[in-house]
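The sequence and the structure are shown first.

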Amino acid sequence: LEECGGELTQGDLRKLRKMDSFMRESQRFSPTNVVAPMRLTVEPLTLSTSQIIPAGTPLGFFSMSINQSNSLYESPPAEVFDGYRFARKREGEGNEKKYQFGSTGPAETLDFGHGIHACPGRFLAATEIKVMLAYVLQKYDLKLEHGAARPVSSLDEVWFVVDKSASMLLRSRN
């Protein structure tokens, strides 16, 4: 905030690499669903095995197999949450623009889809989350209740649902 005179611009938001990394790791570790991208066939689809998938059939990939893959996420292993995982990856040569929250890739994340069908609102979502998170972090102290663990999400069909009975302690810094 000191560098930008207290007013965040779109360019300043792109510089928040640690926040971006934490958001991406949070999405990898706790996605909104286990199947992504979800699509609907509009005409019969014949696979290379000669199986036919009828029109109107919903399709998707078990994205958790990508999000939790130790071949993609070696150090630390995929089952370990590391908020700086993607910030370190962006430090590599040619990776300055990769591994952002809204980035997609065929072998790294399908949470926003990929290619011509990637979510067009993913950059707006990233911007909104960063602005809200920056505001909350500036104005409030947050913590879980003493002795409380991170609330566990439950699975409802293919969607993860946050525990709505969970609580957090919030204190204004003013």
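## Salt bridges

Arginine 173 and aspartate 141 form a salt bridge in which the closest N and O atoms are 2.8 Å apart. Arginine 173 lies in the segment after strand E8 (168–172) and aspartate 141 lies in strand E5, so the pair ties together parts that are 32 residues apart in sequence. Arginine 173 is partly exposed, with a relative accessible area of 46%. Aspartate 141 is also partly exposed, with a relative accessible area of 27%. The model is a predicted one, and it holds 8 salt bridges.

Another of these bridges joins the side chains of aspartate 20 and arginine 90, at 3.2 Å from N to O. This pair links distant parts of the chain, with aspartate 20 in helix H2 and arginine 90 in helix H4 (residues 85–90), 70 residues apart. Both aspartate 20 and arginine 90 are buried. Asp20 and Arg90 also belong to a network of salt bridges that includes Lys130.

The side chains of aspartate 12 and lysine 15 meet in a salt bridge as well, at 3.9 Å from N to O. Aspartate 12 has 14% relative accessibility and therefore counts as buried, the cut-off being under 20%. Lysine 15 is exposed, with a relative accessible area of 58%.

| Salt bridge | N to O distance |
|---|---|
| Arginine 173 and aspartate 141 | 2.8 Å |
| Aspartate 20 and arginine 90 | 3.2 Å |
| Aspartate 12 and lysine 15 | 3.9 Å |

## Helix H5

Lys130, a member of the network with Asp20 and Arg90, is one of the buried residues of H5. Helix H5 spans residues 122–139. H5 has 18 residues and reaches 26 Å from its first C-alpha to its last, close to the 26 Å expected at 1.5 Å a residue.

Which residues of H5 are buried? They are Arg122, Ala126, Thr127, Lys130 and Ala134. These residues cover an arc of only 135 degrees around the axis, which puts them on the same side of H5. An α-helix has 3.6 residues a turn, so residues three or four places apart point the same way. On the other side of H5, Leu124 and Met132 are exposed.

## Pockets

The largest pocket holds about 540 Å³ of space. Its lining consists of 14 residues, and Phe22, Ser26, Arg150, Pro151 and Met168 lie nearest the centre of this pocket. Helix H2 (17–29), helix H5 and strand E5 (140–144) each supply at least two residues of the lining. H2 gives the largest share, 3 residues. By class, the lining of the largest pocket has 10 nonpolar, 3 polar and 1 charged residues.

The second largest pocket has a volume of about 360 Å³. Among the residues that line the second largest pocket are Met19, Met23, Gln27, Phe101, Ile129, Leu133 and Leu137. The elements that give two or more residues to this lining are H2 and H5. H2 gives the most, with 5 residues. The lining of the second largest pocket divides into 8 nonpolar, 4 polar and no charged residues.

Phe22 and Ser26 are among the residues nearest the centre of the largest pocket, and Phe22 and Ser26 also line the second largest pocket.

Note on methods
Residues are numbered from 1 along each chain as its sequence is written. This is a predicted model: local features need pLDDT of at least 70, side-chain atom pairs count only at pLDDT 80 or more; totals for chains, interfaces and linings use all residues. Side-chain values use heavy atoms; hydrogens and water are left out. On a 1 Å grid over the protein atoms alone, a cavity is a set of points where a 1.4 Å probe fits but cannot get out, and a pocket is an open set with protein on both sides within 12 Å along at least five of seven lines; lining residues have an atom within 4 Å of a point. Grid points are joined across faces, edges and corners, and a volume is the space filled by probe spheres set on the points. Helices (H or I, at least four residues) and strands (E, at least two) are DSSP runs, numbered from the N terminus. Ala, Val, Leu, Ile, Met, Phe, Trp, Tyr, Cys and Pro count as nonpolar, Asp, Glu, Lys and Arg as charged, and the others, Gly among them, as polar. A salt bridge is a side-chain nitrogen of Lys or Arg within 4 Å of a carboxyl oxygen of Asp or Glu. Buried means under 20% relative accessible area, exposed over 50%, partly exposed in between (1.4 Å probe, protein chains only). The expected span of a helix is 1.5 Å times one less than its number of residues. The arc is that of the directions from the helix axis to the C-beta atoms.
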